[in-house]
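Please have the sequence and the coordinates open while reading.

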Amino acid sequence: MSVISLFNLVLGMGIIRRLREHTEILAGSGSQEGLTQPGHRIDDVAVATLGGGTFARDSLAGPTLVAFFMPGCAGCKIALPEFISEVGQGRYAGHRVIGVVNGSGEEADALRDQLAALVDTVVPTATRDVIKAFDSSVYPAFYVIDETGTIRQSSTKLAEIDLPVPAVAGN
């Protein structure tokens, strides 16, 4: 009887370990596959944002954070509250932040509206152009690009993104 109990214990531990690994993969905390790496210059892009502005590679004024989300993405559901909190607390003050939502339908529209209340958010009809410009195929994805449109940082985890403190005028 104790052999069967020991077997069940070992089997249970293996299943739990595998479930944890699977959860990490779904949350995007494992692989960086599909994430465009630093050093890549994004393709020329000029698209409208929901606030009436424009996001264009050739008119970047300094470090810009671009955040990609997709409805139904498990990792996005985990990363979105952190992103909203960080933006709301002013972590990226002095920097331009762009939101990109890949998808259509009510859930995508709600996500887009939620982001648009905090950051410049790309209009739905231009989303594909931005995804193509970044050559990104993973969600969530966070990129810091410089004034030339070159990716300086990329990650599926917001905590790994560290924007430089903007210079204060007069110093």
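In what order do the 5 strands of the open sheet stand? The order is β5-β4-β3-β6-β7, and the pairing is mixed.

## Basis of the description

The model is predicted, and for this reason local features need pLDDT of at least 70 and side-chain atom pairs count only at pLDDT 80 or more, whereas totals for chains, interfaces and linings use all residues. Residues are numbered from 1 along each chain as its sequence is written, and side-chain values use heavy atoms, with hydrogens and water left out.

## Overall layout

The chain has 4 helices and 7 strands, where helices (H or I, at least four residues) and strands (E, at least two) are DSSP runs numbered from the N terminus. Read from the N terminus on, the elements follow the order α-β-β-β-α-β-α-β-α-β-β.

Of the 171 residues of the chain, 41% count as buried; buried means under 20% relative accessible area, exposed over 50% and partly exposed in between, with a 1.4 Å probe and protein chains only. Among the contacts in the chain with a separation of 6 or more, 70% come from residues 24 or more positions apart, a contact being heavy atoms within 4.5 Å.

## The sheet and its helices

Strand β3 (residues 64–69) pairs with strand β6 (residues 141–145) in the antiparallel sense over 5 bridges; Val66 has Tyr143 as its bridge partner in β6, and Thr64 has Ile145.

Helix α3 (residues 106–116) packs on the sheet, where it touches β3, β4 (96–101) and β5, and its direction makes about 175° with that of β4. Helix α4 (residues 127–134) lies across β3, β4, β6 and β7 and runs at about 115° to β3. These angles run from 0 to 180 degrees between N-to-C directions, with axes as lines fitted to C-alpha atoms, for helices over the stretch in contact.

In β6, 5 of the 5 residues are buried, so the strand is largely enclosed by the rest of the structure. In a regular strand the side chains alternate between the two faces of the sheet. Here Ala141, Tyr143 and Ile145 point one way from β6, while Phe142 and Val144 point the other way.

β6 also pairs with β7, in the antiparallel sense over 4 bridges, and Val144 stands opposite Gln153 in β7. The hairpin of these two strands has 5 residues between them, and within the hairpin Gly149 takes a positive phi near 85°.

Leu35, in the loop between α1 (2–26) and β1 (46–48), is buried with a relative accessible area of 6%. Leaving aside residues up to four places away in sequence, Leu35 touches Val138, Ala141, Tyr143, Ser154, Ser155 and Thr156. The C-alpha atoms of Leu35 and Ser155 are separated by 7.1 Å, although these residues are 120 residues apart along the chain.

## Aromatic pairs and the nonpolar core

A search of the whole structure finds 6 aromatic pairs, for which rings of Phe, Tyr and Trp (its six-membered ring) must have centres within 6.5 Å, with planes under 30 degrees apart counted as stacked, over 60 as edge-to-face and the rest as tilted. The rings of Phe69 and Phe142 have centres 5.7 Å apart and planes at 80°, so this pair is edge-to-face. It links distant parts of the chain, with Phe69 in strand β3 and Phe142 in strand β6, 73 residues apart. The rings of Phe134 and Tyr143, with centres 5.2 Å apart and planes at 45°, form a pair that is therefore tilted, and Phe68, Phe134 and Tyr143 form one aromatic cluster.

The largest nonpolar core has 44 residues, and those with the most contacts inside it are Phe55, Phe68, Phe69, Phe83 and Phe134. At least two residues of this core are supplied by each of β3, α2 (74–88), β4, α3, α4 and β6. Such a core is a set of buried Ala, Val, Leu, Ile, Met, Phe, Trp, Tyr and Cys residues joined through side-chain atoms within 4.5 Å. Phe69 is buried at a relative accessible area of 0%, and its contacts beyond four places in sequence include Cys76, Leu80, Phe83, Val100, Leu111 and Phe142.

Technical notes: Pairing = 2+ DSSP bridges.
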